[in-house]
Amino acid sequence: MANIIDEDDDRLIDAEDSSSDDEQQQEEEAEQSLSLPSVPGSKKRKIKKSEMKRNKLITIQPGLIRLSGLPYGFFERELYSYFSQFGPVTRLKLIRSKKTGGSRGYAYIEFEDEDVARIASETMNGYLMFRSLIKSRIMDRTKVDTEKLFKNWKRLFTVKTPQQKRALHNRVKSNEQIEKSNKRRTTKLLKQQQKLAAAGIKYELTDFIPLKAIQKEDEKNVSSSEKKNQQVANKSTKKKIVKT
């Protein structure tokens with residue numbers, strides 16, 4: 001995945017970019033959990049004296065930050081041990097390449113307290129580390145599916161072998177999966193055909209699903225809807241004539 005990623009993009013990360021979520025591979029291979037270092041005092045939360053005096057229960061909401069520009073060698077264990085100095089880290093996800101397994105230079109870290117996440121984001125934004133300028137910003141948890149983002153976050157990332165890729169590609173698919181893949185392919189082909197037409201290029205794309213048949217179906221649907229509208233209009237005019 002060598003595509004350039006915008007740092008201000010709040011869209012969800014595709015599961016293919018971060019880790020391979022194939023259920024068949026999980027059943028065949030034993031899952032290896034990521035052993036994170038235990039930082040002394042990382043799980044303790046300091047309570048203010050005012051809170052102790054008032055003796056009030058305070059609801060703590062988790063906070064999520066996004067880091068980019070991470071240098072090479074700053075991986076999961078290093079991230080956990082470094083950011084635990086700010087406060088308890090509940091989950092973290094380093095985005096890795098699907099082909100090589102190397103770090104793509106950005107990660108997501110979830111803190112137990114939202115205030116701690118805000119402090120960590122402010123302090124690490126613009127921090128120079130090994131000739132790499134780190135950028136950090138706090139994320140809106142309402143716009144991010146954290147369960148999907150941190151799915152299997154403790155499992156070590158492994159690159160698929162060519163045999164596993166062939167087995168995944170040649171697996172038996174159900175009728176629903178085939179229909180979904182056909183729909184995705186037709187939408188892509190239609191978009192490409194529209195781009196070619198807009199550029200003034202007269203070329204018809206041919207694939208296992210012909211575009212002409214799809215366009216004819218669309219034309220039929222449009223014509224049928226127009227006919228229905230005309231029938232409704234004719235009925236309304238007839239009623240008006242009868243009343244007069």
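The largest nonpolar core of this predicted model has 19 residues, and L67, L70, L79, F83, I109 and F111 have the most contacts inside it. A nonpolar core is a set of buried Ala, Val, Leu, Ile, Met, Phe, Trp, Tyr and Cys residues joined through side-chain atoms within 4.5 Å; buried means under 20% relative accessible area (1.4 Å probe, protein chains only).

**Cores**
- Two or more residues of this core come from each of β1, α4, β2 (89–96), β3 and α5, where helices (H or I, at least four residues) and strands (E, at least two) are DSSP runs numbered from the N terminus.
- Helix α5 gives the most to this core, with 4 residues.
- Another core, of 9 residues, lies apart from it and includes L64, M139, V144 and F150.

**Contacts of L67**
- Beyond its neighbours within four places in sequence, L67 is in contact (heavy atoms within 4.5 Å) with L79, F83, G105, Y106, A107, I109, I134, K135 and S136.

**Helix α5**
- In α5 (residues 114–124), V116, A117, A120, S121 and M124 are the buried residues.
- These residues fall within an arc of 135° seen down the axis of α5, so they line one face of the helix; the arc is that of the directions from the helix axis to the C-beta atoms.
- Their cover includes β1 (63–68), α4 (76–83), β3 (103–111), β4 (127–129) and β5 (132–138).

**Basis**
- Residues are numbered from 1 along each chain as its sequence is written, and side-chain values use heavy atoms, without hydrogens and water.
- Local features need pLDDT of at least 70 and side-chain atom pairs count only at pLDDT 80 or more, while totals for chains, interfaces and linings use all residues.

Conventions: Buried means under 20% relative accessible area, exposed over 50%, partly exposed in between (1.4 Å probe, protein chains only).
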